[in-house]
Amino acid sequence: MVNQVVNENENENENEHEHEELTAVLSSPLSLDYEYGDYRAPNLLQRIFSLLKNVRPGSDLTRFSLPAIFNNPKSQLQCYGESVYCVNDDLLNKCANGGTPLGRLASVVGWSISTYRNLMFGVAPYNPILGETHHASRGNLNVLLEQVSHHPPVSALHATNEIDNIEIIWCQYAVPKFQGTSIETRVLGTREVRLLNKNESYVMNSPNLVIKFLPVPDVEWLGDVTIQCQETGLEARLSYKGNSLFGKKRNYRAVRGEIVSSSDMKTICKINGHWDSIVTIEDINNGKQTVIYSAEDVIKSLKTPIVKNPKGLWPSESAVIWAKVNEAILSKSWDKANDAKIAIEEKEREIVRSRKLKGESWVPKHFVLSGSKETGEWGWDVTPKNIKVTTGPIVYPM
């Protein structure tokens, strides 16, 4: 059988919606203090007991589909994008215009922390479908995401700001495991921030996401993060802390670490604070402290993105694909939400079956996806097909 390469967005979806006006349903981004302005989750205990009935310890949750009562009204792909462009304070501008290498790294550390939000226990975004996209802008920053793989679920992001000469590329994929009293998700892949005017590239990993059921239900970011800049020889080492069984509450949502010189591993600054509050750096030579991140300034009371250019929406846009589900969840019409969600997932399965029968291979439209198994498990990377991202039809109101 001939193996053909196709892109579903360029074939079926574009033909199907060629003369149809597309509708996007958007909701508030996740703000400080669990604010989802237009969304309130249903009863917590009902959701916990329902979840525990459907999974077993050690289960692989990458293929697990939640009922709509467990979902907030957007997909994980859109959440990744919103963590970059839904902010009140332009931290990326500070990264690009910092006067010293140390100052720029400190700003990149602050920006990195800003992408990790307070997550609501008991609800989760939808799993994106293959080829799903999200295209949005904030000021001069244009952001494009695509779901470049479904099994495993790999998400790609490309963002550019031609005024500040910034480029962001990241490839992210999560591996969740149910551990009896918690769900531990390894967030794999790399994020890269390029400051083109400075010829500097900052490469970083992500902390793990842990959803705890006992002793107290909670969601925490935990683990070690390294942010490296090869050009300046500086490196930030962060550790995201959490509550322990023995109750060191000062570690709850804490971020601690240091900035070191890569050549001799000499500590230059100490990093201390909480990712849902204030994070500072302290110069070890003179004791001077500087705030590098304030959650209240950056992510409190965020506005809902708007569709500024409806004609620019793609059929693959996340807020278009999930529009009926979003609308039903926001109105708490759970039967309608479940029916709409099942219809999307069944359509996706049918497309996969059809593609297999035809011997076709799907390829991403906006990124080149590559994989390797150098460390014993698959690692993924992406390369954008275009140098810059155009203005998105969805904008964050400033």
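How many helices and strands does the protein have? The count is 9 helices and 21 strands. Keep in mind that this is a predicted model.

Start with the protein as a whole. It has 398 residues, and 51% of them are buried. Its accessible surface comes to about 18,900 Å². Carbon and sulfur atoms account for 51% of that surface. Now look at the contacts between residues at least 6 apart in sequence. Of these, 61% join residues at least 24 apart.

Next, go inside. The largest nonpolar core has 67 residues. Val109, Trp111, Ile168, Tyr202, Ile227 and Tyr240 have the most contacts inside this core. Which helix gives the core its largest share? That is helix H5, residues 101-114, with 6 residues. A second, separate core has 11 residues, including Ile129, Val325, Ala337 and Ala340.

Stay with H5 for a moment. This helix has 14 residues. From its first C-alpha to its last, H5 reaches 20 Å, close to the 20 Å expected at 1.5 Å a residue. H5 is mostly covered, with 11 of its 14 residues buried. Among the buried ones are Arg104, Leu105, Val108, Val109 and Trp111.

Set aside its neighbours within four places in sequence. Trp111 is then in contact with Val84, Leu91, Leu92, Cys95, Ile168, Trp170, Val193 and Met204. Find Ile168 in that list. Ile168, like Trp111, is among the residues with the most contacts inside the largest core.

Now turn to a strand. Is strand E2, residues 71-75, enclosed or open? It is largely enclosed by the rest of the structure, because 5 of its 5 residues are buried. E2 pairs with strand E3, residues 124-126. The two run in the parallel sense, and the pairing has 2 bridges. Ser75 has Tyr126 in E3 as its bridge partner.

Charged side chains come next. Side chains of opposite charge can pair when their charged atoms come close. How many salt bridges does a search of the whole structure find? It finds 13.

Take Asp218 and Arg253. Their side chains meet in a salt bridge, at 3.6 Å from N to O. This pair links distant parts of the chain, 35 residues apart. Asp218 is in strand E11, residues 218-229. Arg253 is in the loop between strand E12 and strand E13. Are these two residues buried or exposed? Buried means under 20% relative accessible area. Asp218 has 12%, so it counts as buried. Arg253 has 3%, so it is buried too.

Helix H9, residues 334-358, holds another kind of pair. Glu346 and Arg349 both lie in this helix, 3 residues apart, or about one turn. An α-helix has 3.6 residues a turn, so residues three or four places apart point the same way. The side chains of Glu346 and Arg349 meet in a salt bridge at 2.8 Å, N to O. Glu346 is partly exposed, with a relative accessible area of 38%. Arg349 is also partly exposed, at 38%.

H9 has a further pair, Glu350 and Arg353. Being 3 residues apart, they are separated by about one helical turn. The closest N and O atoms of their salt bridge are 3.0 Å apart. Glu350 is partly exposed at 43%, and Arg353 is partly exposed at 42%. Elsewhere, Glu167, Glu192 and Arg194 are linked in a network of salt bridges.

Finish with the backbone. Most residues other than glycine have a negative phi, and most peptide bonds are trans. Where are the cis bonds here? Pro152 sits in the loop between strand E5 and strand E6. Another cis peptide bond joins Leu214 and Pro215, with omega about -5°. Pro215 is in the loop between strand E10 and E11.

Asn165 is not glycine, yet its phi is positive, near 55°. This residue lies in the loop between E6 and strand E7, and it is partly exposed at 27%. Ser301 has a positive phi too, near 50°. Ser301 is in the loop between helix H6 and strand E17. At 46% relative accessibility, Ser301 counts as partly exposed.

Notes
Residues are numbered from 1 along each chain as its sequence is written. This is a predicted model: local features need pLDDT of at least 70, side-chain atom pairs count only at pLDDT 80 or more; totals for chains, interfaces and linings use all residues. Side-chain values use heavy atoms; hydrogens and water are left out. A nonpolar core is a set of buried Ala, Val, Leu, Ile, Met, Phe, Trp, Tyr and Cys residues joined through side-chain atoms within 4.5 Å. Buried means under 20% relative accessible area, exposed over 50%, partly exposed in between (1.4 Å probe, protein chains only). Helices (H or I, at least four residues) and strands (E, at least two) are DSSP runs, numbered from the N terminus. Contact means heavy atoms within 4.5 Å. Accessible areas come from the Shrake-Rupley method with a 1.4 Å probe; for residues, only the protein chains shown count as cover. The expected span of a helix is 1.5 Å times one less than its number of residues. Two strands pair if DSSP finds at least two bridges between them. A salt bridge is a side-chain nitrogen of Lys or Arg within 4 Å of a carboxyl oxygen of Asp or Glu.
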